[in-house]
Amino acid sequence: MLKGKHLIQPNDFSLEELDSILNLGKEITENPQKYSDICKGKLLATLFYEPSTRTRFSFEAAMLRLGGSVVGFSEPNSSSVAKGESLADTIRTVGCYADIIAMRHPKEGSAYLASKYSSVPLINAGDGGHQHPTQTLTDLLTIKALKGSLDNLTIGLCGDLKFGRTVHSLVKAMARYKNTKFIFISPSELKIPNYIKEEIKGHAYYETSNLEEVINHVDILYMTRVQRERFFSEEEYLRLKDSYILTKDKLKNAKEDMLVLHPLPRVNEIATEVDDDPRAVYFDQAKYGMFVRMALIMKLLGVDADA
Amino acid sequence: MLKGKHLIQPNDFSLEELDSILNLGKEITENPQKYSDICKGKLLATLFYEPSTRTRFSFEAAMLRLGGSVVGFSEPNSSSVAKGESLADTIRTVGCYADIIAMRHPKEGSAYLASKYSSVPLINAGDGGHQHPTQTLTDLLTIKALKGSLDNLTIGLCGDLKFGRTVHSLVKAMARYKNTKFIFISPSELKIPNYIKEEIKGHAYYETSNLEEVINHVDILYMTRVQRERFFSEEEYLRLKDSYILTKDKLKNAKEDMLVLHPLPRVNEIATEVDDDPRAVYFDQAKYGMFVRMALIMKLLGVDADA
Amino acid sequence: MLKGKHLIQPNDFSLEELDSILNLGKEITENPQKYSDICKGKLLATLFYEPSTRTRFSFEAAMLRLGGSVVGFSEPNSSSVAKGESLADTIRTVGCYADIIAMRHPKEGSAYLASKYSSVPLINAGDGGHQHPTQTLTDLLTIKALKGSLDNLTIGLCGDLKFGRTVHSLVKAMARYKNTKFIFISPSELKIPNYIKEEIKGHAYYETSNLEEVINHVDILYMTRVQRERFFSEEEYLRLKDSYILTKDKLKNAKEDMLVLHPLPRVNEIATEVDDDPRAVYFDQAKYGMFVRMALIMKLLGVDADA
């Protein structure tokens with residue numbers, strides 16, 4: 001039972017709970033109309049202490065497409081924090097108005113802290129360093145919906161594997177499925193950390209700095225943004241940022257049914273010429289993100305039984 | 001009949017009108033589901049020329065939980081004011097789109113001015129010096145719902161009684177009920193003004209600077225925030241701000257069924273250790289705030305007859 | 001068929017399409033209740049890269065009054081642009097969440113660019129220099145609803161005729177109707193450009209710098225704001241801005257059934273003493289603006305057939 005739970009970290013839920021969300025997400029994808037009134041009378045509060053239009057829209061669209069409604073703010077200065085109020089008090093008050101909360105906050109750990117004071121389910125929509133569990137749900141539903149299953153897949157992860165929390169969460173999540181193979185593609189400066197490799201014990205993995213060498217082996221290619229703020233110097237950023245750009249040319253050797261995913265926003269790590277390739281599913285991914293949030297909201301509110 | 005009226009000052013309505021709102025608010029509290037569609041097709045505009053997440057959320061949640069919808073802004077710079085438009089013109093235009101308006105504005109008197117040009121009911125959600133009539137309605141509904149009646153109560157008001165408009169409005173409102181006794185608890189620098197005492201003629205009152213001396217007598221303890229901006233100097237603020245902090249220890253002598261109210265946000269005038277005490281109802285108060293705004297919206301729109 | 005189309009420029013649609021929108025707008029004006037659920041389950045995204053409360057409210061109120069819902073932002077800094085995302089990617093993503101988009105952007109041509117990447121209908125809610133097609137629709141519906149027809153009218157346009165895109169669009173649109181006569185009233189520095197006069201070939205027109213001389217001839221008087229930013233120097237602005245102010249006195253010679261329109265916001269080009277004159281319809285115009293946007297949304301979403 002997920003009813004009344006919070007979602008703070010990507011792997012808070014058991015595999016069974018996770019699959020129940022993904023299965024419902026897939027059902028919603030196939031028949032969204034069926035669920036268009038199921039959250040009527042329910043209210044989502046979106047508390048964005050840091051702007052993120054994409055994530056906020058995805059949560060709000062999810063709730064609205066379930067027939068629910070939304071109150072929210074998208075800027076820290078709109079909040080009561082300016083008056084010296086603690087996060088705990090804000091959350092306790094918002095819990096008086098809303099049935100469920102999605103919160104994004106720049107401080108690491110703030111989502112966990114908030115959940116301790118929330119009388120309603122609280123979803124972490126990103127906190128310090130971009131712990132971002134609904135992105136992981138999005139990635140998983142995209143793969144499940146388009147590949148049919150999350151088992152027996154070779155997933156290549158490319159770009160900034162050192163700092164990218166999105167990558168770390170996805171790796172940990174995919175390690176819960178059968179027979180996943182990992183290919184880590186990054187410059188040596190941005191390699192996947194050892195503590196993440198510890199988490200995938202029992203699964204085969206391969207590390208390389210050469211995307212072209214391995215592209216023909218992967219079922220899923222997960223591209224990530226090289227964030228300027230992660231680098232020690234501007235020169236280092238400029239030297240590395242273009243190293244792992246996906247182009248039409250590089251795609252030639254890839255499998256016919258490979259999928260290219262990206263958490264978005266992209267800057268230039270995927271050339272726009274790739275967008276029309278049927279394997280490029282990163283915009284579809286945004287749609288699955290909305291559907292999986294619909295499923296998550298339903299599960300946490302406990303309204304799915306009636307469906 | 002409240003239909004079509006504005007609410008600018010806390011005591012704009014007759015006692016009969018006030019009671020009709022509070023009675024409806026109590027009914028909504030007990031059976032919110034009954035009213036979940038009553039404002040379908042109605043539109044609330046929230047014009048916040050000064051941010052106040054709590055108040056805005058309360059109004060928006062109220063309208064949405066009545067089945068209505070909301071347009072709004074929460075920042076002065078989103079408004080048309082930047083283009084040199086007068087408040088009068090803005091209100092006349094918004095009245096073309098919306099069925100009811102809740103406005104917060106930093107300038108004293110702006111709500112009254114706006115109401116002169118509004119073709120739809122306008123609710124003052126706070127203007128200069130925080131004239132804030134729906135806070136008073138919130139306080140009254142909390143007391144009525146939890147005490148059963150607004151008559152025969154001893155209310156202690158503690159903290160900044162000189163500048164706090166919330167306190168002044170509540171005192172005036174409580175003076176309309178039978179046999180209210182007032183206990184004013186404040187440092188001598190922040191005593192209740194004489195012109196407020198004029199308004200409670202016929203009611204017993206007592207002034208003290210010692211919270212502990214009187215806490216065992218009160219049925220309602222209304223705590224208020226000591227606002228830094230009200231003080232002449234930083235030293236004076238630091239010396240006084242902690243004088244009237246409610247702690248678990250001080251509560252020991254209070255009545256078993258006393259209620260602690262606070263308009264929120266609090267800073268440190270109530271120790272967090274008090275939050276779990278059943279007498280601490282300041283978060284419930286936020287919920288009553290939403291319910292009383294639901295009642296107010298229904299009354300001003302004239303939709304309650306069908307209920 | 002307008003279903004699935006974008007609206008980027010005021011004259012994108014054929015006269016037949018335009019009339020179908022205006023006819024539906026008129027029907028909605030007369031019986032808004034009939035359409036209060038027709039967009040249930042549909043989602044409008046309002047992307048305002050430049051604040052414009054009036055226009056945003058008009059679009060959002062339109063969608064909400066059709067039973068649909070809204071996600072949006074009203075400030076550029078809330079957007080993903082800060083992360084280096086292209087407008088194309090933003091639009092592609094928003095198209096995954098929403099069924100229709102209204103976008104305002106400070107850069108000329110951005111609405112056209114965005115439409116190239118939008119999988120859902122995109123409405124230009126103003127781009128550089130305030131190309132603003134729904135303002136033109138608003139003007140046309142106001143005239144049609146209050147005059148009964150768009151044919152055989154003498155329209156006076158007063159103020160800044162050189163830079164005002166609103167005026168240019170309205171002139172071009174009115175030139176599509178039978179027997180329109182134009183009277184252009186402006187200081188010589190702000191005369192209507194020749195390339196606009198080219199567009200009204202076959203229609204009679206008259207130019208003057210004297211409002212009083214011609215006010216008795218016009219059926220529609222379209223007043224415009226003299227924008228400070230359009231002038232080369234502050235002195236020139238101050239000298240000219242008051243030249244074309246409409247007063248009660250000047251109105252004395254106007255026809256009994258003349259209509260005064262203004263795109264709003266006004267600064268002082270119409271004295272407030274005129275507001276109570278029955279010929280002053282600029283606030284009604286705001287209401288027609290909402291109704292015509294309801295019609296437009298219905299047409300672009302293709303939901304009107306069921307009506």
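How much area do chain A and chain B bury between them? The points below take up that interface, the domains of chain A and the relation of the copies.

1. Basis. This is a predicted model, in which local features need pLDDT of at least 70 and side-chain atom pairs count only at pLDDT 80 or more, while totals for chains, interfaces and linings use all residues. Residues are numbered from 1 along each chain as its sequence is written, chains are lettered from A in the order in which they are written, and side-chain values use heavy atoms, with hydrogens and water left out.

2. Area between the chains. Chain A and chain B bury about 2,200 Å², and carbon and sulfur atoms account for 51% of it. Buried area is the accessible area (1.4 Å probe) that two parts lose on being put together, summed over both. Chain A brings 26 residues to the contact and chain B brings 25 residues; contact means heavy atoms within 4.5 Å.

3. Pairs between the chains. Five salt bridges are counted between chain A and chain B, a salt bridge being a side-chain nitrogen of Lys or Arg within 4 Å of a carboxyl oxygen of Asp or Glu. A:Arg92 and B:Asp275 form a salt bridge, at 3.0 Å from N to O. There are also nine residue pairs in polar contact between chain A and chain B, both residues being at pLDDT 80 or more. A polar contact is a pair of N or O atoms within 3.5 Å; within protein, one must be able to donate a hydrogen and the other to accept it, and residues adjacent in sequence count only if both atoms are side-chain atoms.

4. The side of chain A that touches chain B. Strand 1 (43–48), strand 2 (69–73) and helix 3 (87–97) of chain A each supply at least two residues of this side. Helices (H or I, at least four residues) and strands (E, at least two) are DSSP runs, numbered from the N terminus. Helix 3 of chain A gives the largest share, seven residues. By class, this side of chain A has 10 nonpolar, 10 polar and six charged residues.

5. Domains within chain A. Chain A is divided into domain 1 (10–131 + 289–301) and domain 2 (133–286), with bounds from an automatic or database domain assignment. The domain centres, taken over C-alpha atoms, are 26 Å apart. In the contact, 27 residues of domain 1 meet 23 residues of domain 2. The area buried between domain 1 and domain 2 is about 2,200 Å², with 57% from carbon and sulfur atoms.

6. Pairs between the domains. One salt bridge is counted between domain 1 and domain 2 of chain A. A:Glu108 and A:Arg165 form a salt bridge, with their closest N and O atoms 2.7 Å apart.

Note on methods:
Ala, Val, Leu, Ile, Met, Phe, Trp, Tyr, Cys and Pro count as nonpolar, Asp, Glu, Lys and Arg as charged, and the others, Gly among them, as polar.
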